[in-house]
Amino acid sequence: MTSKSKVLHLLEQHRGSYISGEELAKKIEISRSGVWKAINELKKEGYHITAVTNKGYCLETESDLLSVEGMAPYLPPDFPLELIHIYKSVDSTNNEVKRLAVSGGKHQTVVMAEEQTGGRGRLGRSFYSPPGSGIYLSMLLRPTISTEKSVLVTTAASVAVCRAVEKVTGKPCVIKWVNDVYSGGRKICGILTEAVTNVETGCIESIVLGIGINFKGTAEDFPEEIRNKAGFLFAKDTGTITRNQLAAAEITELLKLPDQLESGSFLPEYRRRSVVLGKQVQVVSSSGTRTALVQDIDDCGGLVVRWEDDGTTGVIRTGEVSIRGLFDQE
């Protein structure tokens, strides 16, 4: 860990209060001038640090840059921090995880970015990813699970996101099949899961799990075409809750995925959080649009529906569903 990282780690521990340059220098075992240099480097990176004579340095509560040091206090103590990679800007965190996977990236490697220039959603859609307003996170999974169980990764991840958001912010969340998380009637999170399969064996070698959370901003920050549907968890002023806190909670919940995939223990909660159960939906697929009543969610995450046009029952595993009248923006 560099001197700058050590200074930031201590400032995060004392966020909102002052710690003297002398104490910083003593704890890190560097000179006062070394502390001053590290503080200036952090300021250049965008950290809001106040310096007051005879009081020391204070990392202001509104400072909200993503950092390993900022997440560390909220992560499990045994989680290897070297697995977390944070970038100022990438084309896509999923793409970066794929690149790391090819070069031997370890299970549970995490990539995060302040900005994505080419963020992607399901079905080839783009994911709006402006700097400083979201949590754009992808995790590399190398699971020892069956192909059948692997299709539940997105389903389980949506439950993990709901748990993390509610734990940190207290804001209730629901899930719109299959991968959209809503809070306050607005979509605040999308999930994109991509699998890498060994062609010879047919087994899954790795899974790239990408999650984008709209953390802070206003409706006017979104492009016009999604302004009536997407939302943020917070306005510009988040108070004392930081993206680092929510990102750490998100990672913590995702670490539980392998065990939960095998047991399917998350499925009852997924059904309970679902906003499509018992609702009439429009199912959009390559073959057209049909109306159906959602009767259940099966143990593989598929929608069990009764088709309105012929009264037959079927299971939907791909495609899009629209729920008229559930949210004003739909």
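**Note on aromatic pairs and their surroundings**

1. A search of the whole structure, which is a predicted model, finds 2 aromatic pairs. Phe215 and Phe234 form one that is tilted, with 5.3 Å centre to centre and 55 degrees between the planes. Both Phe215 and Phe234 sit in the loop between β10 and α8 (243-254), and the pair links distant parts of the chain, 19 residues apart.

2. Are Phe215 and Phe234 buried or exposed? Phe215 has a relative accessible area of 0% and is buried. Phe234 is at 13% relative accessibility, so Phe234 counts as buried, the cut-off being under 20%.

3. Phe222 and Phe232 form an aromatic pair that is stacked: the centres are 4.5 Å apart and the planes 20 degrees apart. Phe222 and Phe232 lie in the loop between β10 and α8, so this pair ties together parts that are 10 residues apart in sequence. Phe222 counts as buried at 3% relative accessibility, and Phe232 counts as buried at 15%.

4. Asn214 belongs to strand β10, which covers residues 204-214. With a relative accessibility of 7%, Asn214 counts as buried. Leaving out residues up to four places away in sequence, Asn214 touches several residues, among them Phe222 and Phe232, the two members of the stacked pair. Other contacts of Asn214 include Phe127, Ser133, Lys187 and Ile188. The Asn214 side chain also reaches the backbone oxygen of Gly231 at 3.2 Å.

5. Which residue lies over the face of Phe234? That residue is Lys171, at 5.1 Å from the ring centre. Arg290 lies over the face of Trp307, at 4.0 Å from the ring centre.

Note on methods. Residues are numbered from 1 along each chain as its sequence is written. This is a predicted model: local features need pLDDT of at least 70, side-chain atom pairs count only at pLDDT 80 or more; totals for chains, interfaces and linings use all residues. Side-chain values use heavy atoms; hydrogens and water are left out. Helices (H or I, at least four residues) and strands (E, at least two) are DSSP runs, numbered from the N terminus. Buried means under 20% relative accessible area, exposed over 50%, partly exposed in between (1.4 Å probe, protein chains only). A polar contact is a pair of N or O atoms within 3.5 Å; within protein, one must be able to donate a hydrogen and the other to accept it, and residues adjacent in sequence count only if both atoms are side-chain atoms. Contact means heavy atoms within 4.5 Å. Rings of Phe, Tyr and Trp (its six-membered ring) pair if their centres lie within 6.5 Å; planes under 30 degrees apart count as stacked, over 60 as edge-to-face and the rest as tilted. A charge sits over a ring if NZ of Lys or CZ of Arg is within 6 Å of the ring centre and within 35 degrees of the ring normal.
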